[in-house]
Amino acid sequence: MIQIIRLTLLTIAVCFLFPVQTQLKAAPPEKPNIIFIMADDLGYGDLGCYGQKIIKTPRLDQMAAEGMKFTQMYAGCTVCAPSRCVLMTGLHMGHARVRGNTSVQENQSLKKDDITVAQVLKKAGYQTGLTGKWGIGEAGTAGVPNLKGFDFFYGYLNQHNAHNYYPSFLWRNNKKERLRNVIDPKSVNPAGIGGVATKKVDYSHDLIMNEALDFIDQNAKNPFFLYVALTIPHANNEAGRMVGDGQEVPDYGIYQNKDWSNPNKGQAAMITLMDAGVGQILDRLKKLGIDDNTVVMFTSDNGHHQEGRNDAKFFDANGPLRGMKRDLYEGGIRVPFIVRWPGTTPAGTVSDHIGYFGDLMATACELAHIPCPPDLDSVSFAPTIEGHPKKQKQHGFLFWEFYERGGKQAVRFGNWKAVRMPMFTGKTELYDLSKDLGEGNNVASQHPDLVDKIEEMMDQSHTPDPLWKPRGKLNKNQPAPGDGKPRF
């Protein structure tokens, strides 16, 4: 008996001094930092890790290699403001407050009772910051960032002002901070927004990135949520119309000597500059020793554009997808989405999980170990990024609406994708994405029962809002069905 006791004590001592090595990874941090980086009008095919051959994006390619690349993640909408509203509130387009881009400030702003991801995380003890473009809360309304959960804000409130990379001012919290740029008064619209600079000194992207890095430095010892809403590579639409080139960059960098048009050089330079900024954030996390405690997500607010006169076809900006910004085909709403969380998210993995921007709310709540607000259109993808795909819950379907060009609706249901134009009354197109990623073969006539079911999903998902009605006429120049190649 004494020998058994001695043997047991010896075993315990050995295990204490020389712990058994297992394949189990460490548990995720109790409250990891969350950084959400969003580009503006970046196409699904604009990054090297998503097939881009011309534009160089080494840091985002590295981020994908060190983390997880999603192939079926979707934006909240096909244009800026509503996509950001979905991201912040966890409500899809049939329920969201801001459902389109508009010059009516009240319609473009969140209201007092709209709850954002930042508000929820702030209550959970997170320091919250936003640098970049907000676009869903104008000055003087209840929707400004500092009233929607952000401790710190630096950047643009108005999305039209955000067209100009050399603005006369940016907001620091609730105050305008004057810059050294001078705007051509003829380029400003009647509402006093937008514009093109005649004196270019302070490049807004650089300022926005510096503030993001400062926020990380100041909050490295606290749980924090940082939303970096970049304006790159959105065009300065006013400059595109005035001078034929809306891709504003301080210089063309490695593309200076390319035999390309200036807008193409600017487009490539913007994306590579954006890529370098993401690398700065990753490097700063490592330098501060908080790399393993920080979830970094990167995406785009919608599909690619050609508003600054760049040639999207030249860059193959949407890869195999059909359509672009303002379409509800895949090219307008399927976006690059990369997650990096060293020690937790399996490196070098590719996920085919089907999710969308509205899922950030439930995901952030699960990561912070707090309950998600009720009655949202949000499903956490935390199990996937934590390496437990078998525990991942799925959406029954995803839903979008778009109120311009006569209105459009779309549903993603399993491998099926449906688009109805005009919304409510048009004929529904149906595509099997497992066989037809380019949405070139409309099979609605072959599946009438399924079309009826999906149209019922569309009708049930839409909650009328008197502020939002379809406007304009149905665009007769929709991309034609065919072989799935990009069309513009």
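This is a predicted model: local features need pLDDT of at least 70, side-chain atom pairs count only at pLDDT 80 or more; totals for chains, interfaces and linings use all residues.
Ten strands, written as 10 in the count, form an open sheet with mixed pairing. The order across the sheet is β7-β6-β5-β4-β10-β1-β11-β12-β2-β13. At the edges stand β7, residues 175–178, and β13, residues 349–351. Each of these two has a single partner strand, so one side of each is left without a neighbour in the sheet. On average, and ignoring direction, neighbouring strands are turned by 15° against each other.

Now the β7 end of that order. β6 and β7 run antiparallel and are joined by four bridges.

On to the next pair. β5 and β6 also pair in the antiparallel sense, here over two bridges. G155 stands opposite W171 in β6, and Y154 stands opposite R172 in β6. If you are colouring by side chain, keep one general point in mind: in a regular strand the side chains alternate between the two faces of the sheet.

What is the volume of the largest pocket? The value is about 420 Å³. The lining of this pocket has 26 residues, and the closest to the centre are N158, N161, F169, G192 and I193. Which strands each supply at least two residues of the lining? They are β5, residues 152–156, and β6, residues 169–172. The largest share, three residues, comes from β6. By class, the lining of the largest pocket divides into 11 nonpolar, 13 polar and two charged residues.

Next, a helix against the sheet. Helix α10, residues 359–367, lies across β1, residues 33–39, and β11, residues 294–300. The angle of α10 to β11 is about 175°.

Then a contact between two helices. The axes of α2, residues 58–66, and α7, residues 262–287, come within 7 Å and cross at roughly 50°. That angle makes α2 oblique to α7. From α2, the residues in the contact are P58, R59, L60 and M63. On the α7 side they meet M274, D275, V278, G279, L282 and D283. The contact has six nonpolar, one polar and three charged residues.

The last item is the cavity. How many cavities of 30 Å³ or more does the structure hold? There is one. The largest cavity has a volume of about 40 Å³. Lining this cavity are R59, Q62, E66, L282, D283, K286 and R340. Both α2 and α7 supply at least two residues each to this lining. By class, the cavity lining has one nonpolar, one polar and five charged residues.

To recap, then. β6 pairs with β5 over two bridges, is joined to β7 by four, and gives the largest share of the pocket lining. The helices α2 and α7 cross at roughly 50° and each supply at least two residues to the lining of the largest cavity.

How values were computed
Residues are numbered from 1 along each chain as its sequence is written. Side-chain values use heavy atoms; hydrogens and water are left out. On a 1 Å grid over the protein atoms alone, a cavity is a set of points where a 1.4 Å probe fits but cannot get out, and a pocket is an open set with protein on both sides within 12 Å along at least five of seven lines; lining residues have an atom within 4 Å of a point. Grid points are joined across faces, edges and corners, and a volume is the space filled by probe spheres set on the points. Ala, Val, Leu, Ile, Met, Phe, Trp, Tyr, Cys and Pro count as nonpolar, Asp, Glu, Lys and Arg as charged, and the others, Gly among them, as polar. Two strands pair if DSSP finds at least two bridges between them. Axes are lines fitted to C-alpha atoms, for helices over the stretch in contact, and angles run from 0 to 180 degrees between N-to-C directions. Contact means heavy atoms within 4.5 Å. Angles under 35 degrees count as roughly parallel, over 145 as roughly antiparallel, 65 to 115 as roughly perpendicular and the rest as oblique.
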